[in-house]
Amino acid sequence: MRWAWARCCAWARCAFVSAGSWSAAGTCDEGRPRYKSKSFSYGRTRGFALSELAPGNTFYAEGYKHRITGIDIVTGRDQDWRHWRFCPSCGYVRTENAENDTMPCPRCEETSIADSGCLRQIVQPSVVTARDKREDARIGDESDDRDRRFYTVVDMVDIDPKDFAVGKSWRHTKEIFGVDYTRRAVIRRINAGPLSIGAQENDQLAGKPVRIAPFHVRTACGAASADGRPVFDDDRDAVDNSANRQRELKHHTPWCPLRRGKKGVPQEPVLLAHELETEALRILLPAATVLVEEKVHSFQAALRLGVDGAFGGDPQHLATTLATMPDRDTAETRHFLVLYDRLPHGTGYLDRLTDPAAFRQVLEGARRLLVECPCNGEGMQACHLCLYLYADEQHIDRVSRQAALEILDELLGTDTDAWDTKKVGNTDQIGLDGQVESDLEARFLKALRGWAGQRGDAVLEESGDNSAYLRLDEVGTVHGWRLTAQRNEGYTRTDFTFERADGPKAARVPKQKITVYLDGHRFHATRRHNRLAGDADKRNRLRSEGRAVFQLTWDDLDAFERQTNTAESAAGREAAEPVWPPYPHSAQDLAKQLYAERGGDDLADSAFTDPMTMLLAYLRSPDDAAWGRRASAVVGGLFGTGKEMLVGNGTPHQTRQALDHLPDAWGRTDGIDPAPVQGTGTLNLFQTCDESGLPVAFLVDGATGRWSGLACLDDTARDQLGTPEHKTRWRSWLQWSNILQFLAHDGGDGVQLTTATTGRFDTSILKAFGGLGELESLVVRYGTGASAPQPVPVEASNETPARSSSARSAVGPGDPRIPRRGRTRSLPHPPRPHLGRRRQEGTRLRLRARRARLARRLRLGSRRSADRRDGRAV
């Protein structure tokens, strides 16, 4: 019988495979067979050997195939396996006293490095073994395919900030781009186990989600298995027949002294590691939140293309890898491209690229080669003559010549020279704020582009220079909008502005404008960045100029992308819980009924949608009067919540007095719960909280049927700012503001407040109290000259408001919380066109039936509210 064996020796730079074969050479004196062997040696670079010669993999040489089944390890005091503690967010690895040192990461201050899941056993293999029967190992003609396993291999780049070369760091003055140089970068390559397609990636290394499936090594003999499978699964490997029935023995090598005796020998879970200290260039890339994968992998290949061109060949000792680092200011991720020397301590090649002029030549060379590549005119993303030559196989579908050229054009300029650099301490000093804004703009346009591409009644024509033209067809009526990004208004910079390109042509009629803000929670509603009151003031000023203002959060954009299937797979954001509609289905039905009584039936597709869809609905039908009716119905739906009455049939003085105390109480607790004030007027004031817990006050005038609403967010309780609960209320507050702004076009008022600004708000301006109106007062205050909303006429009646027989009872006539006078008073219907007497009578009969159903619902809601105050219900 003949046997084949192999020993693979991994040295500092190369791994050498020492293989041999045994053949029978007679018998020994005891009568046992004797074998002779012949050895061979094969070379592998150590970086490749980490996966090519990993346990479970197969290598081919001299007409044989060998499966790696063991790692030669030392046990005892000088054991080969070590404990390393890996930072989940950056490339730092704690190699000394890793078991006991649980201090935060010194690079990114990540505290979760102390978790037990971050502590791993590693082996830096120097020798691996393979053992197969010679007949089984011989390669035949029955198949041309080779067995190959794939592994999860992660590069971790760790550079101590004090090791950056002084005076060698610089940045681009206009773009988020910079270069650092160091002679002491530690590049660690980790083999985290066999790759499993479709398996959940529940672990994290160096900011990347991974699946860690460690190898298991027997400390007594070095037998190593992947996925927990036996090392020797052939019954003929057994020393005797009894071993065939003992599966645990198959995890030992046949020569292991513990195979037949001692039991319970440990099997250590280990990761394989390779560590290299060398020189490196660390390049900060202009990518933060959108199209990150496409940008970084495309630029990685383009830079290597330019480097080879600059050095006049292929310097094989140079390599690139990617690294990430959390950004403390934006909570986004910094993406770095690391160009390093594979030789220990480097060769000095990279020092010349620390000169911005030399680096520029590399980028210009890469751009020239990409433009001149034959695939440029063939409609291909790239080819093996340009980027695919340097792209990792698993990321080749993300590599794009267009993505690389966009970054190169931004850095170098097209029509004019954009290359301008300056010295910095290191690239950690480059803020990501500008890049986050730029990425967010691109993401908004990408979502808008994807939405328009899915519809036959919408066309988006992009003209460059941060502008586009959106054309919407609404039942034969075409609305055109000019879209521009980042418009500076002097006191604020808007994210997007839609300007009406059709409509009235008269010189005195200003073009309709819509302003859009994309707000990130970290920059607007946290303890560090509390801009809530300032945001509200600036956006109210825009409203005074006659604009509609829509406020979206990044979570809202996420939701819209998922809804329209335009989200990029690499976004990596967890879907947030929706905050709209703001109340349960029963209250939504009430709002729809109120809106239906005024001739509308599209509340679910307009006012009860996510903010992005609401914006698109307004762009499609920019009728402020219609949106005013929708806003009134949404506020009216609050009657279906657990509302508390503060004033019933009150006079303006009584109601205003109660309203003045309410915001102050919101700042201290969740509101006030006094006995309701009963008066002899027509005003009814309520307070409630929506589904997110946001306090909302709403007011309805029984004489005119006009609604007003006030949404107030707490921005003074520092222990609440930044919490998930406060973030939810903040998102709801923004959406309430989107809809409340239209109440001014239906005879009411919509107010966006914070607890820090309630003391400055003068409630006497509200129309319900005889004031000018909230929006109208803003026009006067800022002197914008914008046209204020026209007063909405109230339906004329020969009866007094208290006795109107055609009234809609918003506060039910049987509500026990309303005084007797209030039970006979009702709210008039919205204006209706004049009808003939017979048609009027039929309409009144139908409306009476609707009022009766509504009154029953409101009576039930009021009783529940009363029970809640008395402690009879939760």
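Reader: What is a nonpolar core, and which residues have the most contacts inside the largest one here?

Author: A nonpolar core is a set of buried Ala, Val, Leu, Ile, Met, Phe, Trp, Tyr and Cys residues joined through side-chain atoms within 4.5 Å. This model is a predicted one. Its largest nonpolar core holds 72 residues. The ones with the most contacts inside that core are Phe444, Phe498 and Trp736.

Reader: Which residues does Trp736 touch, leaving aside its neighbours within four places in sequence?

Author: Let's go through the list for Trp736. With those neighbours set aside, its contacts include Trp580, Pro582, Val634 and Leu638.

Reader: Is Leu195 buried, partly exposed or exposed?

Author: Leu195 sits in the loop between β12 (178-194) and β13 (203-205). Together with Phe150 and Ile197, Leu195 forms a nonpolar patch on the surface, with about 350 Å² of accessible area for the three together. Buried means under 20% relative accessible area and exposed means over 50%. Leu195 has 42%, so it counts as partly exposed.

Reader: Zooming out, what share of the residues in the protein chain is buried?

Author: The protein chain has 19 helices and 34 strands. Its accessible surface comes to about 40400 Å², with 46% of that belonging to carbon and sulfur atoms. Of the 874 residues in the protein chain, the buried share is 53%.

Key:
Residues are numbered from 1 along each chain as its sequence is written. This is a predicted model: local features need pLDDT of at least 70, side-chain atom pairs count only at pLDDT 80 or more; totals for chains, interfaces and linings use all residues. Side-chain values use heavy atoms; hydrogens and water are left out. Buried means under 20% relative accessible area, exposed over 50%, partly exposed in between (1.4 Å probe, protein chains only). Contact means heavy atoms within 4.5 Å. Patches are made of residues with over 30% relative accessible area and no salt bridge: like charges are joined within 9 Å, nonpolar side chains (Val, Leu, Ile, Met, Phe, Trp, Tyr) within 5 Å. Accessible areas come from the Shrake-Rupley method with a 1.4 Å probe; for residues, only the protein chains shown count as cover. A salt bridge is a side-chain nitrogen of Lys or Arg within 4 Å of a carboxyl oxygen of Asp or Glu. Helices (H or I, at least four residues) and strands (E, at least two) are DSSP runs, numbered from the N terminus.
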